[in-house]
Amino acid sequence: MSSGGVPRPATYYYPSVLYLVGMIAGAAALVAGGIWVVLSGDAPLFPLVASVLGVPFFTCAGVFLAARLILRKPELVLTDDGLVHRQYGRIGWDEVTHARIQTVRTSAFSHARFLQLGLHDPDAFYARSSRWLRLMAKANRRLGYGQANLAGSTLGAPLEQVLNAMRTYRPGLVILE
């Protein structure tokens, strides 16, 4: 709550339009390439099998991304009570122990940035989460990642800006470097 007991308006973060359009273009290019390989008629077995499997997969991915672009639902919402993430659902501020920005090298030429949230009781949080989220969390723990990882590429704003907004709603939030 802001001073005076009046709730602050929520802060919304939507996926970047440029990011979604780029992902849709990539999916379309992979579908077109797969169709070309299948129709060429003389493709070796491995590219042919990859194309037969890849065309429906990347078509579905493109449709999913296009729906996200058109429907424009928020990826993250911050309120006085906590946050609501498209993938993680609701997390109350009382459940969050700390936050930090983590950079992970994904290849020799690129990296990914995440906003990691530490949770007081991760097992209780995962118990009320979907099976898919529990599987991802288990894999993340094995790889040494945090308990709740919000991908920076999907938030549509710099992670530092999101972290500062979190501090506005939760002034005592511990930020790890």
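Apart from neighbours within four places in sequence, Leu117 is in contact with Leu83, Ile91, Val96, His98, Ala99, Gln147, Ala148, Leu150 and Met166 (contact: heavy atoms within 4.5 Å). The model is predicted: local features need pLDDT of at least 70 and side-chain atom pairs pLDDT 80 or more, while totals for chains, interfaces and linings use all residues. Residues are numbered from 1 along each chain, and side-chain values use heavy atoms, without hydrogens and water.

Leu117, Leu78, Ile91 and Met166 touch the most other members of the largest nonpolar core, which has 28 residues (a core joins buried Ala, Val, Leu, Ile, Met, Phe, Trp, Tyr and Cys through side-chain atoms within 4.5 Å). Helix H5 gives the most to this core, with 6 residues.

Gln116 lies in strand S6, residues 111–119 (strands are DSSP E runs of at least two residues, helices H or I runs of at least four). Its side chain makes a polar contact with that of Asn149 (N or O atoms within 3.5 Å, one able to donate a hydrogen and the other to accept it; residues adjacent in sequence count only if both atoms are side-chain atoms).

Two residues are listed with their accessibility (buried under 20%, exposed over 50%, partly exposed in between; 1.4 Å probe, protein chains only).

| Residue | Relative accessible area | Class |
|---|---|---|
| Gln116 | 4% | buried |
| Leu48 | 30% | partly exposed |

Leu48 is found in helix H2.
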